[in-house]
Amino acid sequence: MTKNLDVCLTPALIPVYKVEDYTVVIIDIFRATSSICYGIENGAEAIIPVSEVEECAAYREKGTGYLLAAERNGEVVAGFDFGNSPFSYTAEKVAGKTIVLTTTNGTHALHLSRSAKQILIGSFLNITSLCTYLKGVEGNILLVCAGWQNNFNLEDALFAGAVIEQLKDSGYTLDDPAIAANDLFQIGKNDISKYLGKTSHGERLRKLGIEKDIAFCLQVDLTTAIPVLQGEKLVKLV
């Protein structure tokens, strides 16, 4: 039986795919999925992704057991505990806590994918453990790039290509975006940091003075945890 390994290059294209036929991996390298992987690795009990800032704020009424994280256009939304910088997801801050998170791109892509068989979170931080798990998945896989405001971006597509590099010899049929993403990875793989230095999102983050976030998000295999969506919460896959 043919297995498809497909890439959705922007959330705007999610309706093109019959998402319920796939295991989906959400990719938002700068910075949401990197921070989620780091937070779950560091003992966060759960991360609840929500689409809107107002949904995040509503958790204030539900008691003190939540950390509220909201980011828009690269910056922390005023009045929230933090945004989506990975440096906010250290064990000292998140161990044993439940975080409610809304971001410009990543949580948007996740909500549009909710009918999938399974939703996983991918980043360079957990790429090897993620790919090892995906090799055991039966059926089709869709790598969903969060992009930037429903548009294509380089960093998410290149990461999708890095995943394809590890899976492409496992009997999958690749769609054209998957082939293109893997070609992009071939171009940039010898110095991913330098190649992604020209990304528009990277430039936005540099203007905000958070180059260290970019470098952090490009570390390979810093974590082994794979966040998975169970109900409304992202938790550690066991």
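Student: Which strand does E71 lie in?

Tutor: E71 lies in strand β4, which covers residues 66–72, and please keep in mind throughout that we are looking at a predicted model.

Student: Is E71 buried or exposed, and which side chain of opposite charge is nearest?

Tutor: E71 is buried and yet has no salt bridge, since the nearest side chain of opposite charge, that of R31, is 4.8 Å away, whereas a salt bridge needs a side-chain nitrogen of Lys or Arg within 4 Å of a carboxyl oxygen.

Student: Then what lies 2.7 Å from a polar atom of the E71 side chain?

Tutor: That is the backbone nitrogen of G74, and the backbone nitrogen of N73 also lies 3.3 Å from a polar atom of the side chain of E71.

Student: Changing topic, how many disulfides does the structure hold?

Tutor: The structure holds zero disulfides. In the case of C8, the closest cysteine sulfur is that of C145, and at 7.3 Å it is too far for a bond. C37 is in no disulfide either, with the nearest cysteine sulfur, in C217, lying 9.9 Å away.

Student: Are C8 and C37 buried or exposed?

Tutor: C8 is buried, with a relative accessible area of 0%, and C37 likewise counts as buried at 0% relative accessibility.

Student: What about helix α6, how many residues has it and what does it span?

Tutor: Helix α6 runs over residues 154–167, which makes 14 residues, and from its first C-alpha to its last it reaches 20 Å, close to the 20 Å expected at 1.5 Å a residue.

Student: Why is α6 described as largely enclosed?

Tutor: Eleven of its 14 residues are buried, so α6 is largely enclosed by the rest of the structure. The buried residues include the run from E155 and D156 through A157, L158, F159 and A160, and G161, A162, V163, I164 and L167 are buried in α6 as well.

Student: One more: where is N105 found?

Tutor: N105 is found in the loop between β6 (98–102) and α4 (106–112), and N105 is buried there, with a relative accessible area of 4%.

Student: Which residues is N105 in contact with?

Tutor: Leaving aside neighbours within four places in sequence, N105 is in contact with D28, H201 and a set made up of A146, G147, W148 and Q149.

Methods: Residues numbered from 1 in each chain as written. Predicted model: local features only at pLDDT ≥ 70, side-chain atom pairs only at ≥ 80, totals over all residues. Heavy atoms only, no water. Helix = DSSP H or I, 4+ residues; strand = E, 2+ residues; numbered from the N terminus. Buried < 20%, exposed > 50% of the residue type's maximum accessible area, 1.4 Å probe, protein only. Lys, Arg positive; Asp, Glu negative; His and termini not counted. Polar contact = N/O pair within 3.5 Å; in protein donor to acceptor, adjacent residues only side chain to side chain. Disulfide = S-S within 2.5 Å. Expected span 1.5 Å × (residues − 1). Contact = heavy atoms within 4.5 Å.
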